[in-house]
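Hi,

Here is the model I promised to pass on to you. Please have a look, and then read on for what turned up in it.

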Amino acid sequence: MDATLSGNADPALVSARKPTGRVSDPVFVGILWGSGIFVLILLGLIIAMLFEGGLPALQEFGISFLWNTTWNPVTEVFGAGVMVFGTIFSAVIAVVIALPLSFGIAFFLTEIAPGVLRRPIGVAIQLLAAIPSIIYGMWGFFVIVPLMAAYVQPPLIEWLGPLPVIGALFQGPPLGAGMLTAGLIMAIMILPFITAMFVEVLESVPPMIKESAYGVGATTYEVYRNVSVPYGRTAMVGAVMLGLGRALGETMAVTFVIGNATRMSASLFAPGSTIASTIANEFPEAAPGSLKLESLLELGFILFVISFIVLALSRLLVRSRLKG
Amino acid sequence: MKFTHLLGAAALSFGAVFSGAAFAADITGAGATFPAPVYQAWAVAYKEKSGTGLNYQSIGSGAGQTQIFNRTVDFGASDAPVAAEKLEAQKLLQFPAVIGSVVAIVNLDGVSANQIKLTGPIIADIYLGKITKWNDPKIVEVNKGSQLPDLSIVPVYRSDGSGTTYVFATYLSTVSPEWKSSVGAATSVQWPAGAGGKGNEGVAGTVKNTKGAIGYVEYIYASSNSLITTELQNKAGKFVSPTVPSFQAAAANADWAGAKNFAASMIDTPGDTTWPITSATFILLPKEPKSGTQAAEVIKFFDWAFKDGGAIAEKLHYIPLPEDVANRVREAWKTEVKADGKPVWTH
């Protein structure tokens, strides 16, 4: 004992220490196994809980629950149509806005930005990711919504509203809150994630290829378009899917700015609702054992499935790129 | 084996620490958010006087019901009265704790508080999307003398399930047959028009952001934020301002004697000075509590609140229960809440 404490490297003592290793090692490995399995069990239990909790709603309304657009708590007729549409519509708006911005920022950071600017901009983008979503919600509600209602929506409704086909996107009173505002806020929220992955992808483009392109006289834009982007295309699509996945589940910020109406409308300015915002709104007052609570759990399950599909696709795309 | 022992010991010592710190007689409640401010104010004053604390979690009426059904709290709180058969099945006593009112708020340039007059059918038509302009003949007719703009009306509602919506929708169902048949009343409904904001602050903020908007909030929220409220026509045909005396008139004119489980309606009650959208918020107490002493502490708390908590409630713009209603509640405590066959409270 004393010898161990004094740190003597006596070979006999070293071998004597081994038995502890023999005991602690399996324990340690066991704990690691436990941690790993724990995640699987937890995930399984959550899926099972959502599925089981929502099953009565599915049995009551049948598979048409998925696309039925009625959500009437009074008559207890529920359908997920409006929310599924709102979830996908707002998330797609977010990606459509975030995508070009992310491309711009990422390429600027990797190719154009002088060293002094690269770090501050990089940090600023990371900080965007660190802002809690409730802050985005409040900012959206108090700043963006009034701006949209006063300056953005009225001219758009006036100019684009009467046009055929796309005019349908620009209908209704300028409320400020609505699909477009929700998409805009979410675009800012997913921007850091998409940008970070884009930067990674662009940095992984072998310099030799780019230098060769410059060497044969290509301009910066041509290198970007014909070398960098094609090289990382699959991974970039994966990054976009990842952003889409995040936008699908966004709750607090969306609840603040989407206008929370359970009506279907193709207009960008119409208030709508997403699965997550509906759950946040209705859950506290849903009576135990009620069809409403079961429908909300079913909504949760649907969101889970949608997110799972999107995430699986994004992983598939990112991985195929990394292997290639 | 050893591990479970260890866990058990840890749990025990944990429990000991907590019960020691919080004093054994503290009572717990959970539910409605609307009365939470007054329950919390009462709790502070009551703790000073009696030493018994109240831990109230304002998690929403639905969640509060779940908690009291599972008996994880000493009492539950709900804005909407619970159905009689559910109370029966869960062996719960329901009684009102405090009364509140819902008021309409508007955003119109140059309009001061209680300048605009509205009637129940007009509000119902606005929320049905049938009246869409402020200078609609129906609104102009009751507002002679006020200049009303050619502006779109944007109805704003609570997007979250809430007792406020339940009360407001119940009122609209009472005054408008069309509302009753096409929309109805619940803690959240399928709104035919308008946009939703989360919570009182969400509705007030959306109304503030949108010219021509109309919304509904609890009176406490409107008064503490100086929002532009409107006058409303009551059942007697008189236009009244939302003031504490008009809420008290509503409470006094309600049919408490005929109401089962104290679920007396204060919606559109008669009387010249009555505010038409008034309602009580309820407490749910087990009739056969696990611990008689805990139930007695809950009753003592509300007995004190009925007796001495009126001033605190009024300061927060709630209406205390009328004295005869409070006495009816006391009678119910005596006869209905029993542990081991004996009443837990007998004052």
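Contact here means heavy atoms within 4.5 Å. On that basis, 36 residues of chain B meet 27 residues of chain A. Some housekeeping: this is a predicted model, in which local features need pLDDT of at least 70 and side-chain atom pairs count only at pLDDT 80 or more, while totals for chains, interfaces and linings use all residues. Residues are numbered from 1 along each chain as its sequence is written, chains are lettered from A and ligands numbered from 1 in the order in which they are written, and side-chain values use heavy atoms, with hydrogens and water left out.

**The interface**

About 2300 Å² is buried between chain B and chain A, with carbon and sulfur atoms giving 49% of it (buried area is the accessible area, for a 1.4 Å probe, that two parts lose on being put together, summed over both). Q190(B), K198(B) and N209(B) supply 26% of what chain B buries against chain A, more than any other three residues.

The rule finds 12 residue pairs in polar contact across the interface, both at pLDDT 80 or more. A polar contact is a pair of N or O atoms within 3.5 Å; within protein, one must be able to donate a hydrogen and the other to accept it, and residues adjacent in sequence count only if both atoms are side-chain atoms. On the side of chain B that touches chain A, helix 3 of chain B gives the most, with six residues (helices, H or I of at least four residues, and strands, E of at least two, are DSSP runs numbered from the N terminus). That side of chain B divides into 13 nonpolar, 19 polar and four charged residues; Ala, Val, Leu, Ile, Met, Phe, Trp, Tyr, Cys and Pro count as nonpolar, Asp, Glu, Lys and Arg as charged, and the others, Gly among them, as polar.

**Cavities and pockets**

On a 1 Å grid over the protein atoms alone, a cavity is a set of points where a 1.4 Å probe fits but cannot get out, and a pocket is an open set with protein on both sides within 12 Å along at least five of seven lines; lining residues have an atom within 4 Å of a point. Grid points are joined across faces, edges and corners, and a volume is the space filled by probe spheres set on the points.

- The search finds four cavities of 30 Å³ or more.
- The largest cavity has about 130 Å³, and its 14 lining residues include N260(A), T262(A), E282(A), Y157(B) and S159(B), which lie nearest its centre.
- Helix 11 of chain A gives the most to that lining, with three residues.
- The largest pocket has a volume of about 510 Å³; of its 32 lining residues, R158(B), D160(B), G199(B), N200(B) and E201(B) are closest to its centre.
- The second largest pocket holds about 440 Å³, and helix 3 of chain B gives the largest share of its lining, three residues.

Best wishes
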